[in-house]
Amino acid sequence: MKLYGALNSPYVRMCMVTALEVGLDQRVELVKADLTFVQTNKQLERLSALGKIPVLETDHGHPIFDSRVIMEYLCHAGGNKALLPDDGVKRFRILTLLALAQGLSDATVGLRIETAARPKGLQWAELEERLKSRISACLDELETQWLKDLSEINLGSIATACSLGYLDFRHGWLDWRKSHSSLAHFAENFYARDSMITAALPGA
Ligand SMILES: N[C@@H](CCC(=O)N[C@@H](CS)C(=O)NCC(=O)O)C(=O)O
């Protein structure tokens, strides 16, 4: 199967880390599809009307997106029930953590667009502040309510580690570790996993 994207996208990285964790990495070929914020990519649009990365193309040529669905698919294809158990309570807790982590990435990618890509004169200070306060709220919630779930390897902890990795990569100046020491401890341990090292951010 083919995974379209680039590891500097937190969503692509979480899919690749999942592939490694379920032992499917030899079957997943990363096909480079880098996007700038306003560029389209015809190859991607053939697979998904959204034109976003990541998209997975299965061995049968079926497109699967977005990252959350790809992660679930990889668990299914790899016969792995540990990363997203069937049990209702546990399953929906992990899916909620996954949504929180992806929301953190949404805000972080949004802040990157506001601070690095939006042309001067079109910037909107209130939106930048809103994104920063959303990042901060996500970090607070992870630090105070999700540490037990983060102590396990599951789709939520994978997504959280990749979202924090992207936050470090693009907005290191936010210096989140000072006020979130338990989350910082989680990140240091998770960043050392083989899957995170193999699917490293470019330049790391
Ligand atoms: N909800 C999507 C978000 C994917 C996403 O926003 N990807 C970004 C790259 S980090 C993208 O493709 N941006 C290009 C665009 O929005 O046109 C997912 O989880 O896969």
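This is a predicted model: local features need pLDDT of at least 70, side-chain atom pairs count only at pLDDT 80 or more; totals for chains, interfaces and linings use all residues.
Reader: Why is Asp149 called buried?

Author: The relative accessible area of Asp149 is 9%, and buried means under 20%; Asp149 therefore counts as buried. This residue is found in helix α6, residues 147–150.

Reader: Which residues is Asp149 in contact with, leaving aside its neighbours within four places in sequence?

Author: Asp149 is in contact with Arg93, Leu97, Asn154 and Ser157. Ser157 in α7 also belongs to the residues that meet α8.

Reader: What makes α7 and α8 roughly perpendicular to each other?

Author: Helix α7 (residues 155–171) and helix α8 (residues 181–191) pack at an angle of about 100°, their axes lying 10 Å apart. Angles of 65 to 115 degrees count as roughly perpendicular, so the term applies to α7 and α8.

Reader: Which residues meet where α7 and α8 pack, and how are they divided by class?

Author: From α7, Ser157, Ile158, Thr160, Ala161, Leu164, Gly165 and Asp168 meet Leu183, Phe186, Ala187, Phe190 and Tyr191 of α8. By class, this contact has eight nonpolar, three polar and one charged residues.

Reader: How do you know that the radius of gyration of the protein chain agrees with that of a compact globule?

Author: A compact globule with 204 residues would have a radius of gyration near 17 Å, and the protein chain has 17 Å; the two therefore agree. The C-alpha atoms fill a box of roughly 45 × 40 × 30 Å along the principal axes, and 47% of the 204 residues count as buried.

Reader: How many helices and strands are in the protein chain?

Author: The protein chain contains nine helices and four strands.

Methods:
Residues are numbered from 1 along each chain as its sequence is written. Side-chain values use heavy atoms; hydrogens and water are left out. Helices (H or I, at least four residues) and strands (E, at least two) are DSSP runs, numbered from the N terminus. Buried means under 20% relative accessible area, exposed over 50%, partly exposed in between (1.4 Å probe, protein chains only). Contact means heavy atoms within 4.5 Å. Axes are lines fitted to C-alpha atoms, for helices over the stretch in contact, and angles run from 0 to 180 degrees between N-to-C directions. Angles under 35 degrees count as roughly parallel, over 145 as roughly antiparallel, 65 to 115 as roughly perpendicular and the rest as oblique. Ala, Val, Leu, Ile, Met, Phe, Trp, Tyr, Cys and Pro count as nonpolar, Asp, Glu, Lys and Arg as charged, and the others, Gly among them, as polar. The radius of gyration is taken over C-alpha atoms; the globule rule is 2.2 Å times the number of residues to the power 0.38.
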